[in-house]
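Me: I have a model open and want to learn how to read it. Can we go through it feature by feature?

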Amino acid sequence: MSCKNPPHLNPSVFIIFFCVIILHMENIAVKAVNLNRTYKKGHQVTEALKGLSLEIQKGELFGVLGRNGAGKTTFLKILSTLLYPTSGQAWVDGWDVVKESHKVREIINLVTGGENSGYGILNLRENLWMFSQFYGLPSREAFKRIDYYLERFNLADKAKTRVSALSSGMKQKMGLIRGLLNDPKVLFLDEPTIGLDVESAREIRSFLKEWMKDSDRTTILTTHYMFEAEELSHRLAIIEGGQIVALGTPDELKSLAGKEPFYELTLKGLPLTYSFNLEGINLVTRRDENGMSILTIKLEEDSLLSVLLQNINSIGGNLVFLKKKEPTLEDAFVSLVGRGIDEAGK
């Protein structure tokens with residue numbers, strides 16, 4: 001039988017198959033396959049990434065959650081061509097981050113929270129113009145973008161202020177503007193609001209929502225703030241030990257904490273020795289402070305709440321406050337990782 005023309009295969013099937021593959025690839029902004037990154041210091045070997053594989057679609061604001069040392073920043077550095085993987089491959093907008101790094105750099109930008117870029121003797125506008133020249137922007141277009149963003153982030157009145165005289169929050173905004181000047185197709189944000197005051201952080205989140213309305217833009221965000229990840233991200237990956245332990249929308253991840261709601265009870269007069277041995281009632285946490293006991297309870301059925309309260313009343317405890325809590329992203333994180341995002345590993 002000839003290999004060139006198998007009679008049992010329809011050529012149109014191949015055409016459809018390859019068209020599907022091409023369309024799929026065209027919609028992928030970032031793809032990682034079995035990424036590994038190992039650091040060696042003397043005889044000590046640290047695996048920062050362990051076989052990480054992931055696809056991020058164009059137009060997504062994709063969140064990455066993980067504790068310090070989980071591998072978030074290493075992942076972003078590889079994607080932004082600042083670090084080679086030990087093994088594995090990654091592509092940004094179809095370009096290989098190792099073999100075609102110059103092509104990747106033309107379409108991306110990276111902003112790190114708390115970065116201290118620029119020259120202190122130059123003023124804010126001059127610094128941003130300097131960066132625009134690194135990106136190859138014509139001066140007229142550069143100044144147009146700079147002035148727009150200075151106005152957008154309420155920094156227009158600081159345009160002629162030396163960078164050394166700016167507050168840390170203003171410098172952080174300058175860093176974000178720097179990252180936007182080349183209008184990147186893929187923007188990497190590593191803790192962009194860390195240390196900012198509430199108003200400035202809210203301003204940045206509001207801008208990102210607006211900026212992402214362009215479906216050709218993709219943002220990969222790492223953050224320690226659960227509410228920020230939930231507010232901004234279309235999908236999230238939770239990384240622990242250099243591996244993805246969960247991936248999905250915020251609601252999908254929250255469901256991993258369990259479908260049952262939590263109840264938070266504030267009680268007065270509850271003995272420290274009180275034992276929660278009622279069937280279907282599980283104590284999640286207990287905190288005692290200022291003469292009050294604050295309990296987080298998980299119930300298999302809502303009807304068990306009255307049973308619990310009757311039991312507490314029978315031993316002299318009094319209910320002060322009751323609040324029903326649906327599972328949160330933080331609950332999901334703790335459930336999957338075993339500790340909170342700000343808790344150090346053992």
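Me: Does E231 count as buried, partly exposed or exposed, and at what relative accessibility?

Reply: Buried means under 20% relative accessible area, exposed over 50%, and partly exposed lies in between (1.4 Å probe, protein chains only). E231 has 38%, so E231 counts as partly exposed. A word on sources: this is a predicted model, where local features need pLDDT of at least 70, side-chain atom pairs count only at pLDDT 80 or more, and totals for chains, interfaces and linings use all residues. Residues are numbered from 1 along each chain as its sequence is written, and side-chain values use heavy atoms, with hydrogens and water left out.

Me: Which side chain does E231 meet in a salt bridge?

Reply: Side chains of opposite charge can pair when their charged atoms come close. A salt bridge is a side-chain nitrogen of Lys or Arg within 4 Å of a carboxyl oxygen of Asp or Glu. Here E231 meets K209, at 2.7 Å from N to O. E231 sits in helix α8 (residues 226-232) and K209 in helix α7 (residues 198-211), 22 residues apart. Helices (H or I, at least four residues) and strands (E, at least two) are DSSP runs, numbered from the N terminus. K209 is partly exposed, at 42%.

Me: How many salt bridges does the structure hold?

Reply: It holds 20. One of them joins E60 to R235, with the closest N and O atoms 2.6 Å apart. E60 lies in the loop between β2 (44-57) and β3 (61-65), R235 in strand β9 (residues 235-240), 175 residues apart. E60 counts as buried, at 8% relative accessibility.
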